[in-house]
Amino acid sequence: MAARRALRLGLLAALLPACEAANVVADPAPDVDAGAAAWVRLRSPAAGDVVESGFIVAIEAAAPARVQIAGRPDQVVSPGPDGVARLPVAAPPGPLEVRVAPADGAGEGAQVRVFVARATTLYPPPAAGTVTLRLDREALGALLSPAEQARVPLVDLDLGPLVQGALVALLDPERAGVDRSDWGPAEENLVRLLGNTPASTDPTGTALGPVLALGERLGLPPGRILADLLGIAPDEAILGADVLAEVLLDDLIGTHPVQAAQADPRRLRVTLADALADLAPLAERFGPAGAHPGFLAGPPTAELFTPAFAMVVEGTGQARRLPGVDRAGAYATHLELPADGEVLALDFEDPARFRVEGLAPIPRAGLTLGLTELPRFVPLPAPDPAPRGQSEAWAAEPWTLEHIVVDAAWRAYGTRFPGERLFAYALGALDPATEIAWLDGRVTVHTVAGLGPPPPPAYVWDLILDVAQVRLHDGVEEGGAAIRLRLPPLAIGLDADGLIAAMRPALQARRADLVRMMLGDPADLPSEAVAWVEGGKLRFSSDFEVFRDAAETDGPLADVPAGVPTTLFARDADGRPASLTLVPGEPARLLWAPR
């Protein structure tokens, strides 16, 4: 019977000479007689098996067996009580020939070719963790370049309170601590004009002079006629800080190209770069641009942060590194990105996950404002057409002083008293001695004999501009009033909590950009694995070709189920063939075997 079995095996080998790697060549189950010659049977490994270094050669034998491995000394092993001889074999990855035979050389043996694999255990990745970033000035400077800092908005600051605060400070410079050491006559004149009242108005040399002179002849208190016309008290400012602030925001600041491009030109975008540099970059940004002369004539100063300033951000990792193997079968990881690409989840709206420490209790900013005038005097025009006349100031660039003044006067009085008004003044028994008519801002004076010729009709806003031009140039040549007003740090209109609240939506809207700046483009993050288990499948990178057969005809594959043992075929980085075996389990394992 043994001879017959041997004959059949020999015939099979002759018919399928190329299948030695796929079939066990050992005698599967010899029939042994008590008096037969010594015999061995190779229980494991089988031909073509993928094994790990340290695998066991198991031999069923009636007597000691010889194990021969290419390139190594022969070893003789004896069977144990169960009739099986065992020999552990440590070998580097790659093909390995194993031959077993009776130790005495008598009888048949068996030979197989196996493939020693490098094994990688795919331990599941840890759950997403959180990271807390404490970013002080130094850390922010190290993490983000100046250009990147400039792309991180902190707050869109409402300029209204700051501009109005600046005007209030200029109205009482001594009390506000305004440094006037570098002021010239033009700055002093402008500040006096800001606080001008009917009683303090000096009409000398202006078109308003004859009108106000009538009051003196009529024995009226100083400024009485002008106060009546404007509907204000004699000691009340002709142009209030509120209306002046509105006009400066619209005509001077809002027309600057940088602000004009904003959704709300009255809001100034402060970036992280601005804040870290105490607002100094604003001087260049809001200096001259195109035809606009700019509205900042020097670097701002700021009191925003204390030395303890830090932004504290808590983020949750969204990406996972899935274990796998590279083209050499070595451990590597595949970076699994979330569908939205958000590697690090930040929430600036959540006070528990974002806070700012070390802000000044009352943040302040000090500006140096610049104003320019036309190179010529704007003459008083005739009061037509309605509703605001034809003054050259309206056609001037909106950021010029003349345009700013006439616009402010128009906003204050253009629609304040619609229709007609009449003011009559007596001189002794002569009543009325003078009548002043108001029609939608147009002022017309009628006088009796002896009081002098009345001045020509004019719109009241043109009269206010006329006074402003004359008084601004007391001691200053026409066209020479280049105003530069350096202001002390003033409250920006938000306390520390309000500033943080304003920062939250701005940072939240740019959180993806901020993460990209800190970590780089997620697509550029390292991902070396070419095979890994994900979502119940063994997946492969797009540039790694995997086949079901060694002939590389069935494939390439994008993935295979991870729940069943599978051996696939691929090539390493040098193009040499290898097999990739998946051993399912918790955790799963990958065996990479050069062939």
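The questions below concern a sheet, its strands and some aromatic contacts in a predicted model. Local features need pLDDT of at least 70 and side-chain atom pairs count only at pLDDT 80 or more, while totals for chains, interfaces and linings use all residues. Residues are numbered from 1 along each chain as its sequence is written, and side-chain values use heavy atoms, with hydrogens and water left out.

Q: Which strands stand at the edges of the open sheet of 4 strands?
A: The strand order is E18-E19-E20-E21, with antiparallel pairing. Strands are DSSP runs of E, at least two residues long and numbered from the N terminus, and two strands pair if DSSP finds at least two bridges between them. Each edge strand has a single partner, so one side of each is left without a neighbour in the sheet; these are E18 (420-427) and E21 (458-459).

Q: Which residue in E19 stands opposite phenylalanine 423?
A: E18 and E19 (residues 430-439) run antiparallel and are joined by 7 bridges. Opposite phenylalanine 423 stands isoleucine 436.

Q: What is the geometry of the pair formed by the rings of tryptophan 410 and tryptophan 461?
A: Rings of Phe, Tyr and Trp (its six-membered ring) pair if their centres lie within 6.5 Å; planes under 30 degrees apart count as stacked, over 60 as edge-to-face and the rest as tilted. Across the whole structure, 8 aromatic pairs are found. In this one the centres are 4.9 Å apart and the planes stand at 85°, so the pair is edge-to-face.

Q: How many residues apart in sequence are the parts that this tryptophan pair ties together?
A: Helices are DSSP runs of H or I with at least four residues. Tryptophan 410 lies in H14 (residues 401-413) and tryptophan 461 in H15 (residues 460-472), so the parts tied together are separated in sequence by 51 residues.

Q: How many residues of H15 are buried?
A: Buried means under 20% relative accessible area, exposed over 50% and partly exposed in between (1.4 Å probe, protein chains only). Tryptophan 461 is buried, as is tryptophan 410. H15 is mostly covered, and its buried residues number 13 of 13.

Q: Over the ring of which residue does the charged end of arginine 421 sit?
A: A charge sits over a ring if NZ of Lys or CZ of Arg is within 6 Å of the ring centre and within 35 degrees of the ring normal. The charged end of arginine 421 is 4.9 Å from the centre of the ring of tryptophan 438.
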